[in-house]
Amino acid sequence: MELDFKDSAGERKEKTQVFMVQRQKRRGLIPWLVILVLLIAVAALLKTSFAAHARQKEMEEDLARQHELLEKMNTRLREAEEASERNSVPVITSETIKDQLGSLQQLVTQEYIYTNADKSESYAQWGNGWKLPFSGKSILITYDGTIKAGIDLSKTQIDVNEDSRTITVILPVSTVTDNNIPQESIEVVEVKNGLFNEVTLEDYNAFISDQKTAMEKKAIASGLLTKANQQAEATLRTFLSLIPGVAGQYKIVFK
C-alpha cells in the first residue's frame, strides 16, 4: 500500500512538471501571436491605403480626361461661332454703301447763326440819273438768321477695293443749304419816306434779300464751307464704320 501511494505522488509530480512546461510554452507563444496580429493589421492598412491611393489616382485621371474633353468641346464651339459670324457678315459693295447713304439724302454739318442791324437808303431819280431833291427814303432794321451748310449725298462717289480692303469716298463740296431770317426776328427800327418816294413792301423784301446775301458771304469768308467739309468727312467716317462688316475690315479713305 505504501508503494502505491509513492507511485501516485510521483505521477502527480511528473504531470505537474509537464503542465508547467506546456504553460511556459504557451506563454512564450503569446508575444509572437501579438506580433503576427500587428503585422496582419499593418498589412491590411497598407492594402487599404494603396487601394485608396489607386482610386484617387484613377479619379484624377478621369477628371483630367473630362477636362480635356470639355476643352475640345469649347474649342469646337468657338470655331463654330466664328464660322457663323464670318458667314453672317454681309458683302460690302459700292451699291450696299450707297443704299445706306440714300436714307440720309442731304447731310447738314454746319450752322452759322447771326444777328445784324443795317440801314437801306435810296432816292428817286430823274430820267438822266440825277437824284430828285428831298426824295430820299430809308429803312433801318435788326434781325436774326441762320445759315446751314452741308453736302448732297446723292453726288457722293463710293469705290470698294476688295484686294486692298479699302473704301474710297469722294465727297461733293459743301454748299449753303439754307439761309433763313425768321419774320418774327425782324424789327423795323426806323422808316423815312421821301418826297413822292415812300418805302414800299417791295423795298422791304429786297432789303431782306440783300441782307441774306451779305450774311452768306460773311459766313463763307469765315470758313463755314471748309468746316462743313471737315465735319461731313468725320460724320460719314463714323457712319460707315457702323455698317456691319466694315469696322476693322476696311480702310476708309476720303478724297
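Relative accessible area sorts residues into buried (under 20%), exposed (over 50%) and partly exposed (in between), using a 1.4 Å probe and protein chains only. The model here is predicted, so to speak of local features takes a pLDDT of at least 70 and side-chain atom pairs count only at pLDDT 80 or more, while totals for chains, interfaces and linings use all residues. Residues are numbered from 1 along each chain as its sequence is written, and side-chain values use heavy atoms, with hydrogens and water left out.

Six salt bridges turn up in the structure, the term standing for a side-chain nitrogen of Lys or Arg within 4 Å of a carboxyl oxygen of Asp or Glu. Side chains of opposite charge can pair when their charged atoms come close.

Take Lys 119, which is partly exposed at 37% relative accessible area. Its side chain meets that of Glu 121 in a salt bridge, N to O at 3.7 Å, and Glu 121 counts as exposed at 58%. Lys 119 also bridges to Glu 190, N to O at 4.0 Å. That pair ties together distant parts of the chain, 71 residues apart: Glu 190 belongs to strand β6 (residues 187–192) and Lys 119 to strand β1 (residues 106–122). Strands here are DSSP runs of E, at least two residues in length, numbered from the N terminus. Glu 190 is itself partly exposed, at 29%.

Another of the salt bridges joins Arg 165 and Glu 162, N to O at 2.6 Å. Arg 165 is partly exposed at 31%, and Glu 162 is partly exposed at 37%. As for shared partners, Lys 119, Glu 121 and Glu 190 are joined by their salt bridges into one network.

Methods
Helix = DSSP H or I, 4+ residues; strand = E, 2+ residues; numbered from the N terminus.
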